[in-house]
Amino acid sequence: MTLRVLSVASEAWPFIKTGGLADVVGALPAALAEHDITVTTLIPAYSGLASMPQVGRVLDLSPQVLGAPARLTEHHTDQGHVVLFDAPSLFARGGGPYADATGADWADNWRRFAAFALAAADLAAGVGGLPRFDILHAHDWQAAMAAVYLRYRSDEAAPPPPAVVTVHNIAFQGRFEADVFPGLGLPPRAFALDGVEYYGGVGFLKGGLQAAAAITTVSPTYAMEIREPAFGMGLEGLIVERAGAVTGILNGIDTRLWDPAADTDLAAPYDVRTLGRRRANRTALERAFGLDRLDGPIFCVISRLTLQKGMDLLAGVADQIVASGGRLAVLGTGEPSLEAAYAAAAARHPGRIAARIGFDESLSHLMQGGADAILVPSRFEPCGLTQMYGLRYGCIPVVARTGGLADTVIDANEAALGAGVATGFVCEPNSAASLAWAIARATALFADPGAWRGLQRQAMKADFSWRRGGARYADLYRRLARTRS
Ligand code: ADP
Ligand code: GLC
């Protein structure tokens, strides 16, 4: 039987992207199609959404959602069936999805994403003209309240569809003051320990995790880590209490969008048999970043510049990369102090270190295809996608042993090299010394072209397609749909 899933998120590639959430939400429809599951993706109608086909049908939602004029519009796209939550007073603004142009969170984020989630719950339950969905799948705090609204629906003849809530990053929780509660349109009993109440305020993710029929995280290791205070960020008790509902399903990558053999952003496409052609991409990368042409390795970074990503640790070892003959190309945006740290490193080492402060999808592809190694020294990493893109492109990942990074990279220690299974370099999280040591090991191996080529081949062989993850989500949806019917 075909299952219908409503996937609800604040980002989806190619329409709107600030991070990995968009890649995952954009890839799910295709990943699930072969399992006889059709996915409708619901995202907010931000101003300037990229490549959105003209409005199809306007769905019949109540004209106001939490006091804001709103409508749902249906679109048939290359990514499948997409519905937009079109509420101009909430979403048609300059700046980013969550913050204004100065980087300050929108003061009404609670109302924006509560209204979005309420519309999602209505749509899933059959309001608006589409048939009821079998499953609502909410991603992160911006969508998590959909599970809460489904749970407290009062007018149900049939039980509402079960909700899956996926935690892409438990550090972002959607916490607000208690005084927003009356504006949420929930019954008073929802302001309780098993509802949305959270340390005296309101927690959107917290409420969603309580209401969900199933909770997933984006890697098995992260599912385990968030049971501990160091990673759970206050929600560890809830995660432990709901352990029976929690599973870790490793993200895949879209192997059509991220395919070195067919990537139009590369100067020279290549595959595992034609690795020599990578050299042309390396040259294009040197040119794009104004790096000197030298023999040592080019390390790259494609990342939010934040403490989560360990970008302060890396800034501290940048000089050592140069001292040992390496170069560093950084693409990212984030905390002003870190942006400044990389600009300063570039100024200290012209031709050796270069930083591009900005978001550039096309350049990110060229970096994976031209750099020798990608650095991902995160303090925590729910899954991480750039190391998987790196593996597929033969851009060797140097990662911290945490979350999805630990689940995807095999360290090039003597045993793994001997057995021919190594795919990258792994260091301890939150240790500049350990990161420097991993970079030194990579630099040493790079000096042996045969060994490096072997490592690249092994990395490129690894299968991180959506094959396994798609099957696991499909199993989960079917199990939930069965228990509900
Ligand atoms: P997170 O979602 O925590 O930021 P992920 O590794 O899961 O980390 O995903 C990040 C995604 O965003 C990847 O697709 C990566 O290539 C992309 N990305 C991050 N920063 C930039 C940037 N400055 N320019 C282009 N792409 C970027
Ligand atoms: C979050 C996490 C990242 C993960 C991504 C997609 O942004 O920080 O680790 O890969 O979501 O699930």
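View 1. An oxygen atom of ligand 2 sits 2.5 Å from an N or O atom in the side chain of Glu381. As for the protein's burial of this ligand, 92% of the 310 Å² that ligand 2 exposes when taken alone is buried. Keep in mind that this is a predicted model.

**View 2. A backbone contact to ligand 2.** Here we look at Cys383, where a polar backbone atom lies 3.0 Å from an oxygen atom of ligand 2.

**View 3. The shell around ligand 2.** There are 14 residues around ligand 2, and those that come nearest are His168, Asn251, Glu381, Cys383 and Gly384. By type, the shell splits into six nonpolar, six polar and two charged residues. Helix α1, which runs over residues 20-33, gives the most to this shell: three residues.

**View 4. Thr217 in its strand.** Moving over to Thr217, we find this residue in strand β13, which covers residues 214-217. Thr217 counts as buried because its relative accessible area is 0%, and the cut-off for buried is under 20%. A polar atom of the Thr217 side chain lies 3.0 Å from the backbone oxygen of Ser219.

**View 5. What surrounds Thr217.** Setting aside neighbours within four places in sequence, Thr217 is in contact with Val167, Tyr222, Ala223 and Ile226, and also with Thr247, Gly248 and Ile249.

Technical notes:
Residues are numbered from 1 along each chain as its sequence is written. Chains are lettered from A and ligands numbered from 1 in the order in which they are written. This is a predicted model: local features need pLDDT of at least 70, side-chain atom pairs count only at pLDDT 80 or more; totals for chains, interfaces and linings use all residues. Side-chain values use heavy atoms; hydrogens and water are left out. Helices (H or I, at least four residues) and strands (E, at least two) are DSSP runs, numbered from the N terminus. Buried means under 20% relative accessible area, exposed over 50%, partly exposed in between (1.4 Å probe, protein chains only). A polar contact is a pair of N or O atoms within 3.5 Å; within protein, one must be able to donate a hydrogen and the other to accept it, and residues adjacent in sequence count only if both atoms are side-chain atoms. Contact means heavy atoms within 4.5 Å. A residue is near a molecule or strand if one of its heavy atoms lies within 4 Å of it. Accessible areas come from the Shrake-Rupley method with a 1.4 Å probe; for residues, only the protein chains shown count as cover. Ala, Val, Leu, Ile, Met, Phe, Trp, Tyr, Cys and Pro count as nonpolar, Asp, Glu, Lys and Arg as charged, and the others, Gly among them, as polar.
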